[in-house]
Amino acid sequence: MPHSAVLNVMIKAAYRAGRSLKRDLGEVENLQVSLKGPRNFVTAADRRAEEIVRQELGKARPDYGFLGEEGGARAGTDTSHRWIVDPLDGTTNFLHGIPHFAVSIALERNGAIVAGVTYNPANDDLFVAERGKGAFLNDRRIRVAARKNLAEAVVACGLPHYGRGDLKLARHEIAAAQQHFAGLRRLGAATLDLAWIAAGRFDAYWERDLSPWDIAAGLILVREAGGFVTDLEGGDETLTRGEVAAGNDTMHRELLRLLKAAGADAEPAKAS
Ligand code: IPD
Ligand code: CA
Ligand code: CA
């Protein structure tokens with residue numbers, strides 16, 4: 001399947017940054033046994049990856065704006081286009097030598113995501129999508145899973161870090177999900193959670209407290225794979241609210257319903 005010129009630019013940038021991360025992963029593995037650990041090295045690897053992506057994209061489209069996790073926002077002279085980039089999603093995995101992380105690049109045009117690339121250099125999984133052209137994993141067309149039965153569903157989620165997010169709400173949501181789904185997974189890279197929904201590996205996924213670069217490429221991957229992705233109210237404010245619910249039509253609808261009920265349970269009982 002031939003890709004558009006701009007998608008090829010995104011793929012090239014993701015591959016280059018991914019190669020750099022893969023090289024660095026070798027060093028991270030060595031550093032596990034050192035007393036200081038690999039933390040500083042990983043911070044540098046993350047910044048290096050973003051710089052590679054920024055340079056590569058900038059060479060091809062110098063006018064576009066850029067929003068990256070490490071370097072923040074840079075306005076472009078072309079105000080209708082913006083890159084949204086997570087150079088290393090799944091940092092904690094990377095830090096521990098766990099080969100589940102990705103470079104994720106999205107292109108926003110007039111406020112809508114029109115192309116997305118998410119690349120895991122550890123296993124060479126390249127997920128790409130463009131508006132109206134479908135979603136692909138390593139050039140093979142992908143679709144969301146067709147399962148309708150919740151009791152057969154494998155579902156991904158995020159977990160709030162200690163001291164962040166609403167732990168009580170998370171416990172209620174997880175308890176509700178455990179009662180209905182076959183299995184819950186917390187793999188630690190939001191961009192891959194969404195890409196795996198697109199590829200039919202996960203049946204549903206929800207998470208809150210995310211940033212735009214965790215979500216942007218996944219939005220178009222899931223939609224072009226025939227899936228649904230919204231914020232947790234069922235609306236289109238995923239990027240601004242930093243939350244997602246995704247799956248096929250049934251899974252997405254049932255997940256929202258379940259989370260809503262769990263949210264009501266987590267509310268303190270009102271005095272009568
Ligand atoms: C994190 C991962 C993780 C999600 C966190 C994100 P990072 O991104 O996507 O799965 O639960 O909320 O911040 O820090 O590894 O780029
Ligand atoms: Ca991230
Ligand atoms: Ca990151």
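Which elements each supply at least two residues of the lining of the second largest pocket? The points below take up this question together with the metal sites and the domains.

1. Basis. This is a predicted model, in which local features need pLDDT of at least 70 and side-chain atom pairs count only at pLDDT 80 or more, while totals for chains, interfaces and linings use all residues. Residues are numbered from 1 along each chain as its sequence is written, chains are lettered from A and ligands numbered from 1 in the order in which they are written, and side-chain values use heavy atoms, with hydrogens and water left out.

2. Second largest pocket, elements. The elements in question are β5 (112-120), α6 and α7 (238-241); helices (H or I, at least four residues) and strands (E, at least two) are DSSP runs, numbered from the N terminus. The largest share of this lining, 4 residues, comes from α6. On a 1 Å grid over the protein atoms alone, a pocket is an open set of points where a 1.4 Å probe fits, with protein on both sides within 12 Å along at least five of seven lines, and lining residues have an atom within 4 Å of a point.

3. Second largest pocket, size and lining. Its volume is about 300 Å³, a volume being the space filled by probe spheres set on grid points joined across faces, edges and corners. Of its 13 lining residues, Gly-111, Ala-112, Ile-113, Leu-219 and Arg-223 lie nearest the centre. The lining comprises 5 nonpolar, 3 polar and 5 charged residues; Ala, Val, Leu, Ile, Met, Phe, Trp, Tyr, Cys and Pro count as nonpolar, Asp, Glu, Lys and Arg as charged, and the others, Gly among them, as polar.

4. Domains. The assignment, which is automatic or from a database, gives domain 1 (5-141) and domain 2 (150-266). Their C-alpha centres lie 22 Å apart, and 35 residues of domain 1 are in contact with 21 residues of domain 2, contact meaning heavy atoms within 4.5 Å. Because both domains give residues to its lining, the second largest pocket lies between them.

5. Largest pocket. About 630 Å³ of space lies in this pocket, and among its 32 lining residues His-161, Arg-164, Arg-186, Glu-207 and Leu-210 lie nearest the centre. Two or more residues come from each of β3, α3 (91-95), α4 (167-180), β11 (204-207) and α6 (212-224), with α4 giving the most, 4 residues. By class the lining has 11 nonpolar, 8 polar and 13 charged residues. Domain 1 and domain 2 each contribute at least three residues to this lining.

6. Calcium ion (ligand 2). Its protein donors are Asp-86 (OD), Asp-89 (OD) and Asp-214 (OD), at 2.1 to 2.3 Å, spaced D-x2-D-x124-D along the chain. Donors are N, O and S atoms within 2.8 Å of the metal (3.2 Å for Na, K and Ca), and sites may look incomplete because water is not among the atoms.

7. Calcium ion (ligand 3). Glu-69 (OE), Asp-86 (OD) and Leu-88 (O) coordinate this ion at 2.2 to 2.4 Å, with the sequence spacing E-x16-D-x1-L.

8. Asp-86 bridges the two calcium ions, ligand 3 and ligand 2, which lie 3.7 Å apart. Asp-86 is buried at 0% relative accessible area, and Asp-89 is also buried, whereas Glu-69 is partly exposed at 33%. Buried means under 20% relative accessible area, exposed over 50% and partly exposed in between (1.4 Å probe, protein chains only).
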